[in-house]
Amino acid sequence: MEIERIIGNTATFRKSLMHHPNDSATIIYPLGSTVIFDNLQDLNQQKKLPFLENPVSTVAVSNRLIAVGTYSPDFPRTPAASVSLFDLYSFQHIRTLNSQGEKILNVSFSDDGEFLACVGSDGSLCVYEIDTLTIIGVYNHEKPSSVGCWAATNRQSRFPEYWLWTVDGSNPVLHKLIYNNSQLCHRVHSQVCTLPSQGLVREYICGTCDEGGNVILGNTTGEICVFSATSLVFRHSIAVGSLGVTAVVPLGHSRFVLAAGDGKMMTVEGYDIKFETLAQVQLENTISTMCTVYDGVSVVVVSGDGLQYVIDPLTMAVQSVKHNHVGAIRTLDISENNTSFVTSSDDHTIRVWSLDDYSVKSVVGFETNVVPVCSTRAGNINVFGFSDGSIRCFRDEDDNLRLLWDIPNAHRESVCSIDVSTDGDLLTTGGADGSVRVWSTKTLQPVRQFSEFTSAATGIVIEEKRVRKLRARGMDGRHINANDSTETELYIHACSYDKSIISLDMRKGLRSNQHCVHVKNLHGFSAMDQLNNIGDRHLVTCDLGGKISFWDSMYEEPMLSFDVNGINGQKSMVHLTCMAVGGERLLAVGDATGWVYVFDVVDRKLAASLQTHCQGVTSIKWSSDLLQLIVVSQDSSICILNYFSQ
């Protein structure tokens, strides 16, 4: 099992997008606790770093190394933030540098890659010499910022002087790395800029240097400020837009691209106090981050709604657009012909994706006070259960979703699980209040209602049994009916966090069987599916204690169990969150840490395991040919896996 493609670029942090130094078509960005290398021209050229212990907050690259700064979500209970160095091409881990508080705000290499600067949330600036990986200078900021940018280096001298800009509160600070002949190494000398007498109180969030070493800083008020490197004074300011300047990118030849939080982009040309606007455009949403590609010919822009644009900075013409979710992805369904799949997210959208080029075919938005929780698909019909207790049904018409009907207030609380019959006439739902309801999709009215659980109904399936009806015989033993007939019996199976499984007979409207598990320290069931194995149909459940159980609806005890705990050396208990049955022998499950496990049910063994996300897996589905597995997660990303049967 291997990863074919990861879709997701949320641009959560400021310095979270950059171009590859030796491949003008490749962009680099953090995703959870890893870093993605994405080629914009070739979909098959995507790579990623190994998963780190903490999520990634900032990234920097040189010609041979990549520095990755992290943050600690539950500091100080979790390890402090640190900077890890990797080889840019082999991705081999070289070294983890000193911890710097709760979060690494900025990492940046000098333009020749000889020095690395790291700014931590504890206010410390550490400058490392790359050859020896020793600290040659430390500066403590009272109010640290995410700004850290190097000026171009004059290499005419044998031991050139390096300039590094950071910000302490509202004060830009210039750090000069000057070679010390007595100590035979560079040392850091820091100087604070002089602000105007009337005051220039700003919060700076991004910046870059011009060709003369002057720093251009973007602030939260929506303007850029220019400070001189020679006189260390404020020189000029330019208004860009509202909601702050979120990115300042150099194009070369004294040209810069500026982006604001209100979606405004502009290209300016100039130096010191003379700047001229060359082009500008207004995008629909906020701009989160930006970088150059194709040797500065284009810029990649990621907006707040997850759209990734490639734009010509001189004409502002949009060359391409890619979609990403920016909220936790909750549901996933794949079309029967394996050409598309549908996801829904906390960003209040439902998206239809193409499996050929991973582009978005259509987007359906909904109100901001509800989020989808569960979904199911039958043919070209997609049904979603929402957090406000409503149910909505869409028809997939050539990758465009059209609303067919909706049932408001189907449950008093959130809809936690959902399934639809093969013919689409019946729909069954499980609520957070523990109720199970059966609906007619023709009348949109409830057919049956059961209140069996004391906790949320987390999994539900409809079982359709074809029962043969024998021909009746008369007193003389002859058949009265000419032919035997068959009828369909419907059963509803559901599981809950309260550690119980129930089976309901739709014809009788009564409980047909019940599985109650009362094992010490066992957690409740989190998902349910059906497995057709060599003509026999069994229920499969997974729970928050790391166990997978196989059940026969006629018996109260499980027929078979798998324990995921300890498979990959985990010390803590594995919480399984979702599952998907593939054919007659494959079963895939996902856990709360982003791992995916594939079991061979016939051989009763683990077939493959792989970490696909840095946060919990929320849904997982097989393609109909069982060659691909799609996984979605709380980290807002989609992972497409290729599965190779042994």
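I started with two rings, Trp 622 and Tyr 643, and found both of them buried (buried means under 20% relative accessible area, exposed over 50%, partly exposed in between, with a 1.4 Å probe and protein chains only).

**Ground rules.** I am looking at a predicted model, where local features need pLDDT of at least 70 and side-chain atom pairs count only at pLDDT 80 or more, while totals for chains, interfaces and linings use all residues. Residues are numbered from 1 along each chain as its sequence is written, and side-chain values use heavy atoms, with hydrogens and water left out.

**Entry 1: aromatic rings.** I noted that a pair of aromatic rings is described by the distance of the centres and the angle of the planes. My rule was that rings of Phe, Tyr and Trp (its six-membered ring) pair if their centres lie within 6.5 Å; planes under 30 degrees apart count as stacked, over 60 as edge-to-face and the rest as tilted. Searching the whole structure gave me 14 aromatic pairs. One of them is Phe 341 with Trp 353, a stacked pair at 6.0 Å centre to centre and 5° between the planes. I then looked up where the two sit: Phe 341 is in strand β31 (residues 340-345) and Trp 353 in strand β32 (residues 349-354), 12 residues apart. For the strand names, I used DSSP runs numbered from the N terminus: helices are H or I with at least four residues, strands E with at least two. Phe 341 and Trp 353 are both buried.

Back to Trp 622 and Tyr 643: their ring centres are 5.4 Å apart and their planes at 90°, so I wrote the pair down as edge-to-face. Trp 622 belongs to strand β54 (residues 617-622), and Tyr 643 to the segment after β56 (638-642), 21 residues apart. I also found a cluster in which ring pairs link Phe 115, Trp 150 and Tyr 162.

**Entry 2: strand β15.** Next I checked its neighbours, where two strands pair if DSSP finds at least two bridges between them. Strand β14 (residues 144-150) runs antiparallel to β15, with four bridges joining them; Cys 149 has Trp 165 as its bridge partner in β15. Seven bridges join β15 to strand β16 (residues 171-180), again antiparallel, and there Trp 163 stands opposite Lys 176. β15 and β16 make a hairpin with two residues between them, and Gly 169 in the turn has a positive phi of about 70°.

**Entry 3: charged side chains.** Side chains of opposite charge can pair when their charged atoms come close. I counted 12 salt bridges (a side-chain nitrogen of Lys or Arg within 4 Å of a carboxyl oxygen of Asp or Glu). In one of them, the closest N and O atoms of Arg 5 and Asp 38 are 3.1 Å apart. Arg 5 is in strand β1 (residues 2-7) and Asp 38 in strand β4 (residues 34-39), so this pair ties together parts 33 residues apart in sequence. Arg 5 is buried at 5% relative accessible area, and Asp 38 is buried at 3%.

How exposed is the salt bridge between Asp 131 and Arg 64? Their closest N and O atoms are 3.6 Å apart; Asp 131 is exposed at 55%, whereas Arg 64 is partly exposed at 41%.
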